[in-house]
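Please consult the sequence and the structure shown here alongside the text.

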Amino acid sequence: MGAVRRREPIRVVLADDHPIWRDGVRADLADGFEVVGEASEAGEAIKVIEATRPDVVVCDLHMPGGGGFAVARACGGQAHVVMLTVSEAERDLLDAVAAGALGYLVKSTPGPELRAALERAASGEPVFSPSLAALVLGEFRRIARASSGVQPLSDREREVLRLVARGHTYRQVGAELFIAEKTVENHVRNILGKLHLSRKQELMRYALEHEIE
Amino acid sequence: MGVERSLLSGVAAFRWVAWAWMVTVVLVLRRDLARPWLAGALVALAAVVTVAWTALLRSNPSALLRPAPVVAELACGIAVVVGDGFAYEPGHVFGPSQTLGVIWPLSGVLAAGVILGPWAGAVAGALLGLARFADALANRVHEFSDRQILSIASSVVVFSLAGATVGYIVVLLRGAREEVAEARAREGVARTLHDGVLQTLAHIQRRSTETAIVALAHRQERELRDYLFRTRPSRLAPGAADLAARLRGAVARFEDTFDVSAEVLVADDLPALSAAQVEALAGAAGEALTNAGKHGHASRVIVYVEPENDRGVFCSVKDNGTGFDPATVAEGVGLARSVRGRVAEVGGRVEARSTPGDGTEVCMWVP
């Protein structure tokens with residue numbers, strides 16, 4: 001898991017409207033990480049990210065100026081954005097991931113787990129907690145039912161997602177399915193891509209049904 | 001009040017249109033009238049009721065939400081239907097021509113449905129339909145053909161259906177409004193708590209070194225989270241909500257007993273479950289949790305439940321503890337007896353997977 005031990009510290013931007021939280025996360029990250037920028041609202045965060053080009057962005061889901069959604073939409077393409085949130089409202093989380101975030105962590109996540117997750121996110125790996133995997137699975141089941149059984153996910157992708165939801169690490173998923181850990185990561189990335197696409201299509205369908213008739 | 005009020009505004013508009021139609025019919029077909037003064041009186045009565053309802057709806061709408069105004073309007077409606085028979089030349093009722101008392105009286109039925117509910121709407125409609133019989137008698141029809149009886153009967157059915165439908169729509173709308181209101185209230189609470197209590201609880205857990213305080217903050221956070229973010233039980237299939245609640249209870253007890261963090265993930269599209277299935281799965285998952293706490297040296301456990309092939313359920317309990325070697329250890333006696341026994345009782349099967357150093361996962365399938 002932590003195989004990618006870098007010499008250079010991982011460069012982090014923290015965005016949260018509560019200074020006490022930024023202090024807390026900074027203290028937790030300690031060595032191995034360098035906080036290169038901080039912001040307390042979305043617009044500021046986007047500027048700081050563009051100026052500093054960090055390895056990973058830790059961003060509160062609900063912030064002034066459009067929250068983590070705005071940051072993920074604006075920077076999800078170039079930066080690795082991880083949501084740190086106390087919210088677990090289903091739609092918020094799916095929207096954040098669809099907007100371009102690499103995943104989310106609940107704010108009570110213990111320090112070591114937080115560090116491990118951010119290390120992986122810094123190298124572009126999705127931070128897929130079991131609860132997020134379960135949400136995404138449910139979402140795709142809904143999509144399949146709505147489009148009369150057409151499955152957007154391949155069998156293999158579904159299998160990967162189910163194992164992650166059950167609490168398997170990527171390494172364990174790989175061992176279970178006889179594939180490389182890297183392949184598991186690729187599957188997860190593809191799943192995120194499909195989620196992104198389906199959310200977009202859903203928005204378009206909604207717009208078509210409700211506005212242009 | 002919101003739903004009823006907007007529907008009553010609709011009924012008020014209907015009343016005006018129907019009244020205008022009544023005036024038109026009286027004026028255009030004035031030569032069919034035997035007693036023009038009576039027709040005028042009926043039009044005036046309808047006008048008084050129409051104006052009074054509109055005025056009340058503007059000034060004091062809650063006064064309308066009682067039986068008295070509904071009964072009064074319905075009585076006026078029946079009077080208009082019966083008076084119609086007296087106003088026209090004999091035999092006009094079943095003739096091909098329009099009569100003044102066909103549409104306007106329906107507003108009383110609609111009002112009854114909106115204000116007093118579907119049953120009252122149905123009864124009001126039936127009464128108005130039967131009034132057509134009196135209408136025919138007043139119109140000096142003494143012998144009824146099958147066709148005419150059928151015509152009156154169909155009025156009874158159609159009017160009572162109209163009243164019941166309107167009443168039912170109100171019931172549905174009211175339910176929808178209550179759900180929206182509850183969801184909004186939760187959202188408001190969630191927003192407030194998000195920036196306050198949940199942040200504080202999370203902060204305590206991250207920064208405190210006192211294990212008892214961390215455990216307390218964790219438990220509080222879990223309870224709050226369950227309230228705020230879990231799928232509402234009413235949206236789950238019967239039995240599925242019970243299973244989710246039982247599993248959460250089991251995990252809460254497990255966390256308190258073993259000081260290990262655990263999470264319950266229940267899909268919101270589970271099929272309906274019988275009480276026996278819920279009992280078996282919750283009991284078996286509880287046993288698997290205890291096993292993980294006692295023997296596994298785990299720091300994290302996940303209980304996951306999802307639908308399996310439309311009607312079945314899959315449930316897994318996975319820990320990240322030391323695990324065991326299935327080849328050498330006679331797989332936990334407790335696990336075998338209690339978990340397998342419970343699941344087998346409802347026709348399900350169990351599989352325990354483990355590798356030394358890599359945790360244990362207990363998988364259960366219930367058809």
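## Chain A: overall architecture

Chain A contains nine helices and five strands. The model discussed here is predicted. Along the sequence of chain A, the elements follow the pattern β-α-β-α-β-α-β-α-β-α-α-α-α-α.

Of the 213 residues in chain A, 46% are buried. Among the contacts in chain A that join residues at least 6 apart in sequence, 60% are between residues at least 24 apart.

## Helix α5 of chain A

Helix α5 of chain A covers residues 111-122.

The buried residues of α5(A) are A:Leu114, A:Ala117, A:Leu118, A:Glu119, A:Arg120, A:Ala121 and A:Ala122. The list thus includes the charged residues A:Glu119 and A:Arg120. The buried residues of this helix pack against one helix, α1 (19-29), and against the strands β1 (10-15), β3 (56-60), β4 (81-85) and β5 (103-106) of chain A.

## Chain B: overall architecture and sheet

Chain B has 10 helices and five strands. Buried residues account for 40% of its 367 residues. Of the contacts in chain B with a separation of 6 or more, 75% link residues 24 or more positions apart.

Five strands of chain B form an open sheet with mixed pairing, in the order β1-β2-β3-β5-β4. At its edges are β1 and β4 (349-354) of chain B, each of which pairs on one side only. Neighbouring strands of the sheet are turned against each other by 10° on average, direction ignored. Within the sheet, β2(B) and β3(B) run antiparallel and are joined by eight bridges. One bridge pairs B:Val303 with B:Val317, the latter in β3(B). Helix α8 of chain B (residues 240-258) lies across β1 and β2 of chain B and runs at about 175° to β1(B).

## Contact between the chains

How many residues of each chain are in contact with the other chain? The contact involves 24 residues of chain B and 22 residues of chain A. On the side of chain B that touches chain A, two or more residues come from each of α6 (146-207), α7 (211-229), β1 (261-266), β2 (300-308) and β3 (312-319) of chain B. The most are given by α6(B), with nine residues.

By residue class, the side of chain B that touches chain A has 11 charged, eight nonpolar and five polar residues.

In soluble globular proteins, nonpolar side chains tend to be buried together. The largest nonpolar core in this model has 108 residues, and those with the most contacts inside it are A:Val57, A:Val71, A:Val82, B:Leu281 and B:Ala285. Helix α9 of chain B (residues 275-295) supplies the largest share of this core, nine residues. Apart from it lies another core, of 39 residues, among them B:Met22, B:Ala46, B:Val70 and B:Ala120.

Which residues surround A:Val57, leaving aside those up to four places away in sequence? A:Val57 touches A:Val13, A:Ala15, A:Ile49, A:Val71, A:Cys75, A:Ala79, A:His80, A:Val81 and A:Val82. Two of these neighbours, A:Val71 and A:Val82, are themselves among the residues with the most contacts inside the largest core.

How values were computed:
Residues are numbered from 1 along each chain as its sequence is written. Chains are lettered from A and ligands numbered from 1 in the order in which they are written. This is a predicted model: local features need pLDDT of at least 70, side-chain atom pairs count only at pLDDT 80 or more; totals for chains, interfaces and linings use all residues. A nonpolar core is a set of buried Ala, Val, Leu, Ile, Met, Phe, Trp, Tyr and Cys residues joined through C-beta atoms within 7 Å. A residue is buried if 20 or more other C-beta atoms lie within 10 Å of its own, exposed if 12 or fewer, and partly exposed in between; C-beta atoms are placed from the backbone. Helices (H or I, at least four residues) and strands (E, at least two) are DSSP runs, numbered from the N terminus. Two residues are in contact if their C-beta atoms, placed from the backbone, lie within 7 Å. Two strands pair if DSSP finds at least two bridges between them. Axes are lines fitted to C-alpha atoms, for helices over the stretch in contact, and angles run from 0 to 180 degrees between N-to-C directions. The expected span of a helix is 1.5 Å times one less than its number of residues.
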